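The following exercises concern one protein structure. Each task is followed by a solution in steps.

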Amino acid sequence: KNELLGPDYGFVRITTAIRENTFDSHGNLEVSPPVIVGSKEYKLGRIYYGKGRPTTKFNINMKTFLNAQQVQKPFEVDTDWLAVGHVDEIISFIPSNRGRNFRMLLASPDEAIRILTNLKNSGNGSLTLFTGKTDPGYAPFQQRTVDQILGDAALITENTTCQTKLNAIQAQFQTELGLNAGDIIKIPSLFIAEPGLPGFVSALIPGMVNMLVITGANFAN
């Protein structure tokens, strides 16, 4: 711990009798780039986290500690529809060298369905996803065609529901961080009902929004 101490730098340890859960993970505790919201400047950005579920919540003691801070005013995000439930499954930030110096990445089933529909309409409905995946142990991820995915009514309905939740999250971030639609990049994403967990979804395709950002590149958008 001595290595963590220094001028204007330290650490806090939350002690609690509450059992740790998935919502206490670092993937569920994130911070935005610096923003100005109305007349308020957040020089160190704003903290955001998935609030948890009715019976499994973000650690109340950590929540109290974060809410007591004045420079990064935290806010909760509805992620209780995700099987894991972390904010980094659907939201990320990257640097930008045009206009605002960052862009927010947001998962988007609509964008994924748009791309697949364009493939189908251009005569490429027979192209496969999950090519070579034939393990019967986990059926959702077996090889299937663009036509088969678009023809899966339950899957499309599930993703329509997810998109509604993501639209609400986008509106929340635009308000909380003072963003406009042009500050947000939609990342093609598809979700699927998690086997054994009714009411929750997991990523069907790799979540590019959940990635490691390496600085120093010439980002543009």
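**Exercise 1.** Which residues form one aromatic cluster?

*Solution.* The model is predicted. Its cluster is made up of Y48, F75, F93, F102 and F173.

**Exercise 2.** Determine the geometry of the pair formed by Y48 and F93, and state which parts of the chain it ties together.

*Solution.* 
- Step 1. The ring centres of Y48 and F93 are 6.2 Å apart, and rings pair if their centres lie within 6.5 Å.
- Step 2. The planes stand at 65 degrees; because angles over 60 degrees count as edge-to-face, the pair is edge-to-face.
- Step 3. Y48 belongs to strand β4 (residues 47-50) and F93 to strand β6 (residues 91-95), so the contact ties together parts 45 residues apart in sequence.
- Step 4. Buried means under 20% relative accessible area. Y48, at 2%, is therefore buried, and F93, at 12%, is buried as well.

**Exercise 3.** Classify the pair of Y48 and F173 and locate both partners.

*Solution.* 
- Step 1. The centres of the two rings lie 5.1 Å apart with planes at 85 degrees, so Y48 and F173 are also paired edge-to-face.
- Step 2. Y48 is in strand β4, whereas F173 is in helix α4 (residues 153-177); the pair therefore ties together parts 125 residues apart in sequence.
- Step 3. Y48 and F173 are both buried.

**Exercise 4.** Which charged groups lie over the ring of Y42, and at what distances from its centre?

*Solution.* 
- Step 1. K40 lies over the face of Y42, 5.7 Å from the ring centre.
- Step 2. R46 places its charged end over the ring of Y42, at 5.1 Å from the centre.

**Exercise 5.** How many helices and strands does the protein have, and what percentage of its residues count as buried?

*Solution.* 
- Step 1. The secondary structure comprises four helices and twelve strands.
- Step 2. Of the 221 residues, 36% count as buried.

Note on methods
Residues numbered from 1 in each chain as written. Predicted model: local features only at pLDDT ≥ 70, side-chain atom pairs only at ≥ 80, totals over all residues. Heavy atoms only, no water. Phe/Tyr/Trp six-rings, centres within 6.5 Å; stacked < 30°, edge-to-face > 60°. Helix = DSSP H or I, 4+ residues; strand = E, 2+ residues; numbered from the N terminus. Buried < 20%, exposed > 50% of the residue type's maximum accessible area, 1.4 Å probe, protein only. Lys NZ or Arg CZ within 6 Å of the ring centre and 35° of its normal.
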